[in-house]
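Student: Before we look at anything, could you take me through this model feature by feature, giving the general idea and then the case at hand?

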Amino acid sequence: MKKSKISFVLLFQIFCIHSAWIHAQSLPQKAKVYAPEILKGNDFSFTKTGKNLIQISMPMGGIGSGSIGLSGIGSLIDFSIYGQPNFTAPDIWGSEQAGFAVLRVVDKNKKNTIRVVEGIVPREHIYMQGIKGQGFISSGVEGFPRFENCSFTGKYPMGTIKLSDDKLPIDVSLTGYNPFIPLDDKNSSIPCAILEYTLKNHSTETVDFEFSYNMTNLCGKNYYDNGGTTTRNSVTESGFLFSNTLDSLADDFGTVAVSVVDEKPLVKGMWLRSGWSSDCLSGLWRELSTGTFTTNSGSNGIDTWGKNGGSLLLKGKLKSGESKTYPIVIAWHFPNRNQSISYKKPCDTCNVFMKKLRWQPYYASQWKNANEVSQYIQTNYKSLKSRTEAFQKALYNSTIPNYVLDAVGSNLAIIKSPTLNRQQNGNLWGWEGITPKLGVGPGTNIHVYGYAQSLAHLFPSLERTLREQELLRSIDENGHVDFRAALPDGPSEWAGLPAADGQLGGIMKVYRDFRISGDLNWLKKMYEPAKKSINYCIETWDPKHKGIVEEPHHNTYDIEFWGPDGMNTSIYLGALSSMIELAIANLTPQDTLLYSELLSKGKRYMESELYNGKYFNQKVVFKGLRDTSFVASINNPANAKGEINQLLKKEGPRYQYANGCLSDGIIGLWMSSLYQIPLSMNQTKVNSHLKSVFEYNFKADLQASEHACAQRPGYALGHEPGLLLCTWPQGGMPTLPFVYSDEVWTGIEYQVASHLVMQGMVDEGLTIVRGTRYRYDGYARNPYAEYEFGSFYARAMSSYSLIESLSGIDYSAITKVLTIVPKVKTEKIFTSFFSTATGYGTININQSKLTITMIEGELPVSKIKVIINNKIYYFNLNETISNRSEKLLFTLDNNFVTHN
């Protein structure tokens, strides 16, 4: 009897253990952080070789000026300089645009060797899934001899290609860029690409060489329509100038200048103009390869038909170990834009309407033509280069992990891509992203750009034009802000549903931008429109004054959420808190009463009603609302028998997230933390939510996790890692959840990662970032074009927040207080980049020394606060750290800071 009892107990224990195991297998598998060596970045390199060169296209161009891509092998691709994107897929008869360098070397035995100064064309580029089935590839020079060995090192805004070949005594290094200088929006908006070629003789003998740069006439965009008859060429002091004979108001009217800095080259102003489009290249190659280069003035008065181009050539000698650098400048100027988006038409006469809506890019207000642009660069070349290099060095010489710097730096390319337009008055306007031939998602969509952080810190004056776009030009008399703005500047006719996340987030950005600038005059201009906007939001989504976003509200997932949810309510709370701070700064404290009341109610509701014990969710509500449209629809007798109607009666409106763990679930708290908006929430619950997002939504291997995605799986799939937009770890998944829930968006990955870091979960945040950059490695995807609804997607500019969160550097231009709270793990040394509205530089902590170095501009400081190793240090400074000052040192003592 005793034995049977023991056996029963043992069997019962085994049963319990087995049941627990089965239950564990049915639960979502929790994500784990990457190994320490991976988080340190030991598996990451800025240098790409082999197959990792395939997708690279780094945009070189000014802010809103268009760009030319630098490929991984050193070729020029993606000539998006005409006012719209021009990417990836060429016309069936090949591309009309080409720019390439050629090096000819003659050794002591008079042996002649010639190479296009590019790497071998990747075999994957040859057919490109049938796009290039006619056999044409891109420029027409892919079939010429090239350098055998190639690598690409990318530290945006510069990309460096190193080329070598056993058959050549000269190695070549090519660095491509466009000036990128924080706070200097004019010099960062120059319409140009700069290619700096450095030739180095690695042999033991002196070598004779000829170096040429060659380009098709980029002003002949419609070559196959007009046979190139409109193109014209001329010779300049340091190169050649392209133009066309189109009317000065024509869309394609423009000029392009190609020059070499501080040199007097031989110039062939015009190529052989013949029948077949390849004739010009055949003739040119014959001359370059045989050392019989001939010059001309660019016109003979007779030949005006056929593909056209120009070349410059430089001859020299290199002794053993000697090097020579040739900076090539490609400047463009296409001043006419004939596109208009979402604009209230003054009349129905299209021609009149279109004439009134013509506009010009910013660079047309600074330079009259490409030759002026080129001369400006020639005059200021040393300064433009050194200032760009200084920024690059400041950004990348950091103790922040290199893959994080890669995520931040590479997505700065979005600022220089065709995603952004800059109008003649200097104002910005943007697409969400771009396709090969079109921009998509017009109007600087405010809930997409709500994630972006880089412009606000690097070019804050430009970012403020977006606030003015929202609250001065896209707002109606009731306070409804159209979330897609007009181009050119003016009132929008979009007049669709207001976007709760975008409009409320815009109010938070008014506070952010005021805090960055400290400009009281700007605040006074923006305050009343912001007040009108928040009051509209209250009346539209919180008419019962509960402090929550309850009525159906449109958002970045392109649907309406019904009932309060953590995502939009957290943004609402951030907007209310922002208005309180703005009202105080505006000396109108009476305006704070309602906002304070709603803020208090909303915080209590969110923490008690929207928190399910693990994370903040959505409480789906459709009854008892002012909006009765859904109830009327499901009760409509005409819909009674439909299968979908029965589902809607049971679950409520389609496309909700209900009890889902939404990665964006507390995005308003992320914004509040970044912008230093006072919004105290229960930190235990906040951390629990973020921890749940990481554990349940991050998948280190989507295939292994059995993840299925029916819509847009190309963002992340197979064995790739990624952060899903939403999961349902506690069950309750709607039959029809919001349609993007299974997707992976990089802008949200960075948002969640930086929020995790700010809340002390550094390894979890770094794991997400490392996972993202695994996908954008140059092999399957372009490291410079993170995509969502189009490439160079604006939401990915959220990556800049990683600098803010990991460095813990914050500066208020209102109070002049500088705060430094590093979150990145360092071994006694910490270094990071920072940028304010008046200057930028680096901050370094080396054991007991704090060093602040201003690279450009100045930094007025009243107080410095440092928190490191759980110790707090204060120092009252009350001085201005000047541009290019000597390093300013402070000594960190146990309880205070002393100024050396």
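Student: Where is the place of T540, and does T540 count as buried or exposed?

Tutor: Helices and strands here are DSSP runs (helices are H or I with at least four residues, strands are E with at least two), numbered from the N terminus. On that reading, T540 sits in helix α12, which covers residues 520–541. Burial is read from relative accessible area, where buried means under 20%, exposed over 50% and partly exposed in between, with a 1.4 Å probe and protein chains only. T540 counts as buried because its relative accessibility is 18%. This is a predicted model, in which local features need pLDDT of at least 70 and side-chain atom pairs count only at pLDDT 80 or more, while totals for chains, interfaces and linings use all residues. Residues are numbered from 1 along each chain as its sequence is written, and side-chain values use heavy atoms, with hydrogens and water left out.

Student: Which residues is T540 in contact with, leaving aside its neighbours within four places in sequence?

Tutor: A contact means heavy atoms within 4.5 Å. With those neighbours within four places left aside, T540 is in contact with E551 and R626.

Student: How should I read V260, and which residues does V260 touch?

Tutor: V260 belongs to strand β15, residues 255–260, and counts as buried because its relative accessible area is 0%. Not counting residues up to four places away in sequence, V260 touches S238, P265, L312, L314, Y326, P327, I328 and Q378. For S238, the C-alpha to C-alpha distance from V260 is 5.8 Å, across 22 residues of sequence.

Student: How is the span of a helix judged, and how many residues of α11 are buried?

Tutor: The expected span is 1.5 Å times one less than the number of residues. Helix α11, residues 500–517, has 18 residues and reaches 26 Å from its first C-alpha to its last, close to the 26 Å expected. This helix is mostly covered, with 18 of its 18 residues buried, and just after it G518 takes a positive phi of about 70°.

Student: What does α19 show on the same points?

Tutor: Helix α19, residues 746–758, has 13 residues that should span 18 Å, and its end C-alpha atoms are 18 Å apart, which agrees. Since 13 of its 13 residues are buried, α19 is largely enclosed by the rest of the structure. G760 follows α19, with a positive phi near 95°.

Student: Where do residues other than glycine take a positive phi?

Tutor: Y655, with phi near 65°, is one of them, and it lies in the loop between α16 (643–651) and β25 (661–662). Y655 counts as partly exposed because its relative accessibility is 27%. F792 has phi near 50° and lies in the loop between α20 (762–775) and α21, but F792 counts as buried because its relative accessibility is 2%.

Student: Which peptide bonds are cis?

Tutor: Among them is the bond from Y156 to P157, with omega near 20°, where P157 lies in the loop between β8 (149–155) and β9 (158–164). The bond from L487 to P488 is also cis, with omega near 0°, and P488 lies in the loop between α10 (460–473) and α11.

Student: How much space lies in the second largest pocket, and which residues are closest to its centre?

Tutor: Rolling a probe the size of a water molecule over the atoms shows where empty space is left. A pocket, on a 1 Å grid over the protein atoms alone, is an open set of points where a 1.4 Å probe fits, with protein on both sides within 12 Å along at least five of seven lines, and lining residues have an atom within 4 Å of a point. Grid points are joined across faces, edges and corners, and a volume is the space filled by probe spheres set on the points. About 750 Å³ lies in the second largest pocket. Of the 35 residues that line this pocket, S673, Q676, G808, I809 and D810 are the closest to its centre. Elements that each supply at least two lining residues include α11, α17 (667–675) and β34 (859–868).
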